Amino acid sequence: MKPRKNKKRVPSFRKLLKTSKVKLDNKLKNKQFKQQSIAKKYRKEQRKLRQAVKDVTSRTSVPLEENKKKHAAEREEEEEALPLDMMDEDDLKLMEDLAQKASFVTRDLSSSEPVHAKKRKQESVIDRYEKMPRRMQTEPEKELIHLLPIKDKSGIIPQTMEKPVISVAENEEEEDTEEMEVVEESSEEPQPVLTSDELLIQRRRKLQEKKIHIAALAAAILSDPENSIKKLKELRAMLMEQDPNVAVIVRKLVMVSLMEIFKDITPSYKIRPLTEAEKHTKVRKETQKLREFEEGLVSQYKFYLENLEQTVKDWKQRKLKKSNVISLKAYKGLAEIAVKCLCELLVVLPHFNFHNNIIVLIVPLMNDTSKLISEMCCEAVKKLFKQDKLGSVSLGVVKVISGLVKSRNYDVRPEVLKIFLHLRIKEVEVKKDTEDITAKKKFMSSKEKRKNLSRMQRKWKKAEEKLERELLEAEASESKEKKLKLHTETLNIVFLTYFRILKKVQKSPLLPAVLEGLAKFAHLINVEFFDDLLVVLHSLIASGDLSYRESLHCVLTAFHILSGQGDVLNIDPLKFYSHLYRTLFRLHAGATNDDMVIVLQCLDVMLTKRRKQVSQQRALAFIKRLSTLALHVLPNSSVGILATNRILMQTFPKTDLLLDNEAQGSGLYLPELDEPECCNAQNTALWELHALRRHYHPTVQKFADHLIAGAPAEGSEALRPDLSRRSGTELFETYNMKGMTFNPPVASVTPRKKDKFLQGDSFLNEDLKELIQTHLNEAAVHRPLDFAKHLKESSLS
């Protein structure tokens, strides 16, 4: 026969925790009940003792001789009541025999043998049971209280009322309470009223005692964690401090102390619950001790996280408990400390138990109305992404964020989606075809070994596979295939969220974050989506509903798509080139901002990396317009633009004709035209560089001199290595003055320098000379100026 399967389910770890909690509660209740019964017995004994003393003092002592006389007189009276001399001897004998056979009340108790011993042996059990006396509950007699009578038409009606019967137990309890009240009244003394200074001193003293107690418990736990679970429990119990004077501060200190303790004593692995077989297996004392420590640690960690969660929930619901001693105003401070502890545990203990529960708590708080809490949660998730090398933790966070955005109907703060920009997926090389990915090495099955190998070969193969498994287990780094799989799944969820927002809520405030994310991860998008995505991006730009920054993100996203896997596609993004060329003068010139960074990134992707697809006319138009833009903006932006122009002049060598004053070909330069291919940029010159040579910023002067010389790589006009080896974006960040508005000083241009400058530039026509002279006189060369507008108004040919 087959052994019957045990259908009893193994209890889960959560259930075991609940049952252990019930056992502890029952043990505590039994202990309290035992203490109450001992105290009650002690009070009863004391009450009896007092009653005995009271009775002794109330009785009067009676002389012994009088007592003897009284008993002798009673005997004489009995003898007189029973005149035995009037009875016969036969009657007396009969009375004595009957007395011997009477019940135990009247018989002689000197004989130990029962009277009906022989008879009882013959009786059956049922007869004995029937002869047992019944115990009847006698109801206490009800006392009546006569009330005032009522007079009616019929006559006088008497009124009565039953007197309430008080049981013996209730009577004893009332007596006990009365005695205790009397003792308390006698012991209590009128307490003096404390002043505010005395109350403050008392509060400081209590707080100092609590701090010392917390420090002592924490030091004891850290010195010997395995034997200090009870102390850990005692410290956690202080989260429910009830003293209203120090409750808030003590709870905050305990929260932070427990957080630091768990960071130190938590092992570097996840603790799993024991199976039934492991529980019943006999192990060594050291192993059993370690198991008890791990079980207690997980239990206390779970209760600690529940306390933090409840603190945050109470603050969010604005719910004040009846038994709580903390005001509603103090809830926010407690909630902030609780969130800080949760964020720290999220970052420090990503491998330990309940980490997914912490993620579920933290992610919704990223969308919180409180700016402090939202920033703390966002910073914690950023740190988590930064230190996650494998990608499993990042995948869990991305799943929760995607579910949150969808459940809120895409009504979340943009910072929630901007978190995706900190994912470390760009570092992993994602291959285009899944077939190119090498499959994970598989070991041969026993069937294949028997079929293909001999006995000796199977033996060697078994030893070799065992060694390989041990090496894989000992290897610290995770396999590349596993990392690639996790990153692919994470990217799929990110793109799914982005595409949903582009499809459903195009006018949402989340659109800038979506476009920025697409611009970063566009090279990882599947080729099948390229056409549709480019159409959507162009329609967004053409709609006119986007801000300038959002339109720049659209352009950057489109060119990231085309620079990656989109190289194989035959698409000419002329519309995106025209849009950027047209909107360059919309950059803010009086304050530094991050829009210039996006512009420089767009120029790098559009012109430098796509040099083979860019015509000479387009490159000339962009170099000319960027040189004009360098006159308007702040020095850091001018440095970035000139560095980009230097790279473009080196990438497209034929653009050096802009440094010559001779016209190339037919046509006139049309600076107001928005199409870079048709503006005839080959018929103009970079006169802006001569104005930038006299710029007050030394780096701008160096770049202007360098470009006028033709951007040489060597020689006296070459740049220093710290300037030549850095891109325009890096130089912009280096000279950035973020958060500052800039008012340039008045340019000190002497008349001699001005005349020399105008005479040396013979290729400029008269109207342009007047325009430059006007701006030099007004010292406004570096202020915002729309040159295309001025050139158009002056009717320059």
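E241 counts as buried, because its relative accessibility is 11%. Buried means under 20% relative accessible area, exposed over 50%, and partly exposed in between (1.4 Å probe, protein chains only). This is a predicted model: local features need pLDDT of at least 70, side-chain atom pairs count only at pLDDT 80 or more, and totals for chains, interfaces and linings use all residues. Residues are numbered from 1 along each chain as its sequence is written, and side-chain values use heavy atoms, with hydrogens and water left out.

The partner of E241 is K210: their side chains form a salt bridge, with N to O at 3.2 Å. The pair links distant parts of the chain, 31 residues apart: K210 sits in helix α7 (residues 196-223), E241 in the loop between α8 (229-237) and α9 (247-265). K210 counts as partly exposed, because its relative accessibility is 25%. A salt bridge here is a side-chain nitrogen of Lys or Arg within 4 Å of a carboxyl oxygen of Asp or Glu.

## The chain as a whole

The fold has 33 helices and two strands. These elements are DSSP runs numbered from the N terminus: helices are H or I with at least four residues, strands E with at least two. The chain has 797 residues, and 35% of them count as buried.

Among contacts with a separation of 6 or more, 70% join residues 24 or more positions apart. A contact means heavy atoms within 4.5 Å. The accessible surface of the chain is about 53000 Å², and carbon and sulfur atoms hold 53% of that area. Areas come from the Shrake-Rupley method with a 1.4 Å probe; for residues, only the protein chains shown count as cover.

## Other salt bridges

How many salt bridges does a search of the whole structure find? The count is 18. One of them joins E344 to K263, with the closest N and O atoms 3.2 Å apart. E344 lies in helix α12 (residues 328-348) and K263 in helix α9, so this bridge ties together parts 81 residues apart in sequence. E344 is partly exposed, at 31% relative accessible area. K263 is partly exposed too, at 21%.

D705 and R693 also meet through their side chains in a salt bridge, at 2.9 Å from N to O. Their positions are twelve residues apart, and the pair links distant parts of the chain: D705 in helix α28 (residues 698-708), R693 in the loop between α27 (688-692) and α28. D705 counts as partly exposed at 28% relative accessibility. R693 is partly exposed at 36%. Shared partners also build a network: salt bridges join E260, K263 and E344.

## Aromatic pairs

The whole structure holds ten aromatic pairs. In one, the ring centres of F262 and Y304 are 5.4 Å apart and the planes stand at 35 degrees, so the pair is tilted. F262 is in helix α9 and Y304 in helix α11 (residues 285-317), so placed that the pair links distant parts of the chain, 42 residues apart. F262 and Y304 are both buried.

F559 and Y577 make an edge-to-face pair, 5.0 Å centre to centre with 75 degrees between the planes. This pair also links distant parts of the chain: F559 in helix α22, Y577 in helix α23, 18 residues apart. F559 is buried at 1% relative accessibility, and Y577 is buried at 0%. Rings of Phe, Tyr and Trp (its six-membered ring) pair if their centres lie within 6.5 Å; planes under 30 degrees apart count as stacked, over 60 as edge-to-face and the rest as tilted. F262 and Y304 belong to an aromatic cluster with Y301, F352 and F354.

## Helix α23

Is α23 mostly covered or uncovered? Helix α23 (residues 574-583) is mostly covered, with seven of its ten residues buried. The buried ones are F576, Y577, S578, H579, L580, Y581 and T583. They pack against α21 (530-543), α22 (548-563), α24 (595-608) and α25 (616-630).

R618 lies over Y577, 4.3 Å from the ring centre. R625 lies over Y581, at 4.1 Å. A charge sits over a ring if NZ of Lys or CZ of Arg is within 6 Å of the ring centre and within 35 degrees of the ring normal.
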